[in-house]
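Hi,

Here is the structure I promised to pass on. Have a look at it first, and my notes follow below.

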Amino acid sequence: MPTISAPATVLVTGANGYIGLWTVIDLLTRGYNVRGAVRSASKAAALEALVARKKPEAKDRFKGYVLTHEHAEQDSAFDEALQGVDGVVHTASPISAPSDEPEAFNRPAVKGTLSILESALR
């Protein structure tokens with residue numbers, strides 16, 4: 001697979017998490033355009049404001065993208081988010097679940113990962 005170079009567009013899932021946010025900042029520093037996927041419009045707005053404060057020279061190259069929990073587990077959930085994207089960094093994973101059972105965390109994490117890979121293939 002070829003390496004992509006800036007100013008390519010990269011989708012970062014879980015962009016408001018610790019690893020996701022640092023990935024966004026690093027990609028912007030390197031000159032990439034970044035689409036940051038988060039779970040709500042308020043998180044997207046907060047992330048856009050944070051990027052504007054931390055990397056004002058790159059704020060026009062960042063856009064928050066809302067992808068709900070329920071949507072992320074559906075087939076083709078990431079098809080729209082991947083439109084016009086050259087690469088993906090998938091850092092999203094559930095951090096809370098309705099149960100303490102490992103499967104409550106594993107099922108949505110695996111389903112979300114498979115969903116983004118299937119969308120990327122399309």
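Accessible areas here come from the Shrake-Rupley method with a 1.4 Å probe, and for residues only the protein chains shown count as cover.

Before you read on: this is a predicted model, so to speak of a local feature I need pLDDT of at least 70, side-chain atom pairs count only at pLDDT 80 or more, and totals for chains, interfaces and linings use all residues. Residues are numbered from 1 along each chain as its sequence is written, and side-chain values use heavy atoms, with hydrogens and water left out.

On the overall fold, you'll find four helices and four strands, in the order β-α-β-α-β-α-β-α along the sequence. The radius of gyration is 14 Å, close to the 14 Å from the globule rule for 122 residues, so the protein is as compact as a globular protein of that length. (Helices are DSSP runs of H or I with at least four residues, strands are E runs of at least two, and both are numbered from the N terminus; the radius is taken over C-alpha atoms, and the rule is 2.2 Å times the number of residues to the power 0.38.) The C-alpha trace spans about 45 × 30 × 20 Å along its principal axes.

Of the 122 residues, 37% count as buried, meaning under 20% relative accessible area, while exposed is over 50% and partly exposed lies in between (1.4 Å probe, protein chains only). Among contacts (heavy atoms within 4.5 Å) between residues at least 6 apart in sequence, 69% join residues at least 24 apart.

A58 sits in the loop between α2 (41-54) and β3 (62-66). This residue counts as buried because its relative accessibility is 0%. Its C-alpha atom is 7.7 Å from that of T29, 29 residues away along the chain.

V88 belongs to strand β4 (residues 87-90) and is partly exposed, at 36% relative accessibility. Beyond its neighbours within four places in sequence, V88 is in contact with V10, L11, L82 and I116.

I19 is in helix α1 (residues 18-29) and counts as exposed because its relative accessible area is 58%. Together with Y18 and W22, I19 makes a nonpolar surface patch of about 440 Å².

Cheers

Definitions and conventions
Patch = residues over 30% accessible without salt bridge, like charges linked within 9 Å, V, L, I, M, F, W, Y side chains within 5 Å. Salt bridge = Lys/Arg side-chain N within 4 Å of Asp/Glu carboxyl O.
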